[in-house]
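Please keep the sequence and the structure in view while going through the numbered points.

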Amino acid sequence: MRAAFRAIKVELRRSTQWITLNTPENFNAVTDLSINELRMAFKTLDLNTTKAVVLTGEGSAFSSGVDLQWVTKMRQFSREEHLRESYALFDMLYAIWSSPVPVIARINGDVQGGGVGIVAACDFTFSARSARFSCPEVRHGLIPSVISPFVVNRIGQRNAMRLMLTAETISADGAKELGLVQTVSDGLSGVDTEVEGLLKHLDNNSPAAISLCKQMLRGVHGPKIDPLASRDLVCSSMANVRLSTEGQEGLMAIIERRSPKWAAM
């Protein structure tokens, strides 16, 4: 029996599992609840009925908001609690990345922070032209550490540095230039056309062969490595920076809806 979800919606359409980030009131922000539910949804996929997954967002954003209640709670965490939450985020992203079936990001709107990690963990990424992308963590005294193995795998180290060190917001076309997005369409109808076209191709193919091919491609030697190799490093880095002086100031600035102290320097 499928678990009841609160932060996501899960719906089987023919042989495709649609997973929708479903907290539009906070622009589908990545929180402890959505992290745990996404991981569970991917870990409990019924491979007898599911040939692919489409991941999208409810409302105007894919995943770009900040949940102030979650940030307020998280700012009080001990290092052990930060580590536990960091590992949970990593394991959710890894569940997407290592899914035995193809995962398609249907990017309906803005993508920020952890949402960029979700997109990077997907196999196929189709975006509406109106979507904007950013990793704003360094602006708040933090670092996008846990998502970094997935983003570097997707777009390379140099492009990841541009996205993460500048904290700039880029357009969907800019995200395509970096390799984060594969196709950009005018409006969601165009995105849906791309998604449906891909699903038709996948539906004609052997599910077992697709799964084996994905596994094989993940193991091919080259510049890209299994993100699992960086799990301890990036999770401890996130815990440490959140407890640092500037990390605590950045989190408080988010809670108080103000610029951090260094912004005026």
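1. Does Ser185 count as buried or exposed? The model examined here is a predicted one. Ser185 has a relative accessibility of 8%, and because the limit for a buried residue is under 20%, Ser185 counts as buried.

2. The surroundings of Ser185 may be considered next. Ser185 lies in strand E10. Leaving aside residues up to four places away in sequence, Ser185 touches Ser127, Ala128 and Arg129, and also Gly190, Val191 and Glu194.

3. Strand E10 belongs to an open sheet of 6 strands, arranged in the order E1-E2-E3-E5-E7-E10 with mixed pairing. The edges are formed by strand E1 (8-13) and strand E10 (183-185), each of which pairs on one side only. On average, neighbouring strands of this sheet are turned by 20° against each other, direction ignored.

4. With E1, strand E2 (residues 16-21) pairs in the antiparallel sense over 6 bridges. Within this pairing, Leu21 in E2 is the bridge partner of Ile8, and Thr20 in E2 is the bridge partner of Lys9. E2 is also joined by 6 bridges to strand E3 (residues 52-57), and these two strands run parallel. Here Trp18 stands opposite Val54 in E3.

5. Why is E2 described as largely enclosed by the rest of the structure? The reason is that 6 of the 6 residues of E2 are buried. In a regular strand, side chains alternate between the two faces of the sheet. In E2, both faces are covered: Thr16, Trp18 and Thr20 are buried on one side, while Gln17, Ile19 and Leu21 are buried on the other.

6. Turning to the helices, helix H1 (residues 32-43) packs against helix H3 (residues 79-97) at an angle of about 35°, and their axes are 9 Å apart. The crossing of H1 and H3 is left-handed. On the H1 side, the contact is made by Ile35, Asn36, Leu38, Arg39, Phe42 and Lys43. On the H3 side, Glu85, Ala88, Leu89, Asp91, Met92, Ala95 and Ile96 take part. The residues of this contact comprise 8 nonpolar, 1 polar and 4 charged.

7. How are helix H2 (residues 68-75) and helix H11 (residues 245-255) placed relative to one another? They pack at an angle of about 150°, with their axes 9 Å apart. An angle over 145 degrees counts as roughly antiparallel, so H2 is roughly antiparallel to H11. H2 passes H11 in a left-handed crossing. Leu68, Val71, Thr72, Met74 and Arg75 in H2 meet Gln248, Leu251, Met252, Ile254 and Ile255 in H11. The residues of the contact of H2 with H11 are made up of 7 nonpolar, 2 polar and 1 charged.

How values were computed
Residues numbered from 1 in each chain as written. Predicted model: local features only at pLDDT ≥ 70, side-chain atom pairs only at ≥ 80, totals over all residues. Heavy atoms only, no water. Axes fitted to C-alpha atoms, helices over the stretch in contact; angles between N-to-C directions. Helix = DSSP H or I, 4+ residues; strand = E, 2+ residues; numbered from the N terminus. Parallel < 35°, antiparallel > 145°, perpendicular 65-115°, else oblique. Left-handed = near helix turned anticlockwise from the far one by under 90°. Contact = heavy atoms within 4.5 Å. Nonpolar A, V, L, I, M, F, W, Y, C, P; charged D, E, K, R; others polar. Pairing = 2+ DSSP bridges. Buried < 20%, exposed > 50% of the residue type's maximum accessible area, 1.4 Å probe, protein only.
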